[in-house]
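I opened this notebook to record, step by step, what I looked up in the structure. The entries follow the order in which I worked.

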Amino acid sequence: MHELAVCQAMLEQVAGIAAREQASEVTRIIVRIGPLSGVVPELLEQAFTIARSGTIANQAELITEATGIRVRCSQCGAETDAGITRMICGKCGDYRTQLLSGDELLLASVELNRAEQAVE
Ligand SMILES: [Zn+2]
């Protein structure tokens, strides 16, 4: 499962942050997922429940936030929202656009337990 590999890479990143912050536990992980990232949020959440066991994030909650698709038009320069199958300029309708966002998979925030305070 593709999402499991994604989860494992994400958990390695989280473990690095937890070690740097000297955390005893990770309580929440928030990721931003673009519709063009190739990752399905529901499958990522399922994979997470498998991947987290035995890690510092064993008790952590995973929150996925969907992001939108934005494109910049190479003809009129406008930056507009676009759809997965219609990446055209929202202003002039030209198809020659450049993707600005929508393919990202970002670790947005990690909440940790260090003594008793949470760190963003
Ligand atoms: Zn345009």
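**Notebook: metal site and sheet**

Entry 1. I began with the spacing of the donor residues of the zinc ion, which in sequence is C-x2-C-x12-C-x2-C. I note here that the model is a predicted one.

Entry 2. I then asked which protein atoms are the donors of the zinc ion. They are the SG atoms of Cys73, Cys76, Cys89 and Cys92, and they lie 2.3 Å from the ion.

Entry 3. What is the geometry of the zinc site? I recorded it as tetrahedral, with angles of 106 to 116 degrees among the 4 donor atoms.

Entry 4. Cys89 has a relative accessibility of 3%, and because buried means under 20%, Cys89 counts as buried. Cys92 has a relative accessible area of 44%, so Cys92 is partly exposed, the class between 20% and 50%.

Entry 5. I turned to the strands. An open sheet is formed by 3 strands in the order E4-E3-E5, with antiparallel pairing. Strands E4 (79-82) and E5 (97-101) are at the edges; each has a single partner strand, so one side of each has no neighbour in the sheet. From one strand to the next, the twist averages 40 degrees.

Entry 6. I examined one pairing in detail. Strand E3, residues 69-73, pairs with E4 in the antiparallel sense over 4 bridges. Which residue of E4 is the bridge partner of Arg70? I found that the partner is Asp81.

How values were computed:
Residues are numbered from 1 along each chain as its sequence is written. This is a predicted model: local features need pLDDT of at least 70, side-chain atom pairs count only at pLDDT 80 or more; totals for chains, interfaces and linings use all residues. Side-chain values use heavy atoms; hydrogens and water are left out. Donors are N, O and S atoms within 2.8 Å of the metal (3.2 Å for Na, K and Ca); water is not among the atoms, so sites may look incomplete. Four donors count as tetrahedral if all angles lie between 85 and 135 degrees; four count as square planar and six as octahedral if opposite donors are over 155 degrees apart and all others between 65 and 115; anything else is irregular. Buried means under 20% relative accessible area, exposed over 50%, partly exposed in between (1.4 Å probe, protein chains only). Two strands pair if DSSP finds at least two bridges between them. Helices (H or I, at least four residues) and strands (E, at least two) are DSSP runs, numbered from the N terminus. Axes are lines fitted to C-alpha atoms, for helices over the stretch in contact, and angles run from 0 to 180 degrees between N-to-C directions.
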